[in-house]
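Hi,

Here is the structure I promised to send over. Have a look at it first, and then read on for what turned up.

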Amino acid sequence: MSFAVLSYEGLVHAVSGAMGSVTAMTVFFPLDTARLRLQVDENRRAKSTPAILADIIKEEGLLAIYRGWFPVICSLCCSNFVYFYCFHSLKARWLKGKQSAPSSDLIIGIAAGVINVLLTTPLWVVNTRLKLQGSKFRNADIRPTNYSGIMDAFAQITRDEGVGALWNGTFPSLLLVLNPAIQFMIYEGLKRQLRRGVPRELSSVEVFLIGAVAKAVATIVTYPLQTIQSILRFGQFSESTGESKLLSSIRAIKCLLVNRVRKHGMLGLFKGLEAKLLQTVLTAALMFLLYENIASLTFRVMGLSSKHYKRR
């Protein structure tokens, strides 16, 4: 198989993944709004997701639950395009037609995640700021922002906080590439348990359920870091300037985790988890459903063999 065909396959996977993620996030966007509000607004009392959404609508209007949709969708589209393209391109170059193994998928997934984080973190920093702009916070210490759009947010952040601020939260984001790694290990383990030595194809229901369980466990394990990531991206926490970026990031993560536990207890690290689990599991399920169908249809329409695609 030529490099050109491999590149084309990578592009098909990238576009399919981006389209699937954009559609799924649009459907479940209000759940992400509730999750983010609980993560960054420490004085907002934790309630059920419907109660949080009802409060936001009552205080800020119906459109508030979709505030920041456009920058989030732009970031998500770019992020998933980069991830899917890197994953499938690296996989094709590494395996060169050979059967993939769990270890190789794990390593390639981590590598694709690192590339994705380094390239797209500025987009996520901007979309976090825009999504929370104009929100009515319970925490009076949060400083209001005034961005007119994506480009203006880039310009203001660079001018007022420096270029480095666009990569706020990069260190926890790099740690969070463990999320899909944990998900993959659990998924494969559950598959082996269901098969119990008998080689058979799992049903769609079985695949959906073990995928949902794997994603839920991975989210719970890494959720405290996701909370810290959101706070750092929001730019309301001042990091030390007299030391290296890495040491400053480690110190910031430790400080935020300790302060969160002191103020709210251990459960404070999981504030907003319900909304995150709902959003993550449902969005991931719908995204992969759309991704698989779009990619499969594209391969058939373009007349490209989908044997490699189906074997992965």
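Leaving aside residues up to four places away in sequence, Val 117 touches Thr 170, Ser 173, Leu 174 and Val 177. Please keep in mind that this is a predicted model. Val 117 belongs to helix 5, which covers residues 102–132. With a relative accessible area of 10%, Val 117 is buried, because anything under 20% counts as such. Tyr 83 is 34 residues from Val 117 in sequence, and their C-alpha atoms are 9.0 Å apart.

Since Arg 129 is in helix 5 and Glu 161 in helix 6 (residues 150–161), the pair ties together parts that are 32 residues apart in sequence. Arg 129 is buried at 1% relative accessibility, whereas Glu 161 is partly exposed at 39%.

The count of salt bridges comes to three. Another one joins Glu 60 to Arg 67, with the closest N and O atoms 2.9 Å apart; Glu 60 is buried, with a relative accessible area of 18%. Arg 159 and Asp 160 also meet in a salt bridge, at 3.1 Å, and both of these residues are exposed.

Now to a helix pair. Helix 2 (residues 29–40) packs against helix 11 (residues 273–302) at an angle of about 145°, with the axes 8 Å apart. The crossing is left-handed. Helix 2 contributes Leu 31, Asp 32, Ala 34 and Arg 35 to the contact, and helix 11 contributes Ala 275, Lys 276, Leu 278, Gln 279 and Leu 282. Of these residues, five are nonpolar, one is polar and three are charged.

Best wishes

Note on methods. Residues are numbered from 1 along each chain as its sequence is written. This is a predicted model: local features need pLDDT of at least 70, side-chain atom pairs count only at pLDDT 80 or more; totals for chains, interfaces and linings use all residues. Side-chain values use heavy atoms; hydrogens and water are left out. Axes are lines fitted to C-alpha atoms, for helices over the stretch in contact, and angles run from 0 to 180 degrees between N-to-C directions. Helices (H or I, at least four residues) and strands (E, at least two) are DSSP runs, numbered from the N terminus. A crossing is left-handed if the near helix is turned anticlockwise from the far one by less than a right angle, and right-handed if clockwise. Contact means heavy atoms within 4.5 Å. Ala, Val, Leu, Ile, Met, Phe, Trp, Tyr, Cys and Pro count as nonpolar, Asp, Glu, Lys and Arg as charged, and the others, Gly among them, as polar. Buried means under 20% relative accessible area, exposed over 50%, partly exposed in between (1.4 Å probe, protein chains only). A salt bridge is a side-chain nitrogen of Lys or Arg within 4 Å of a carboxyl oxygen of Asp or Glu.
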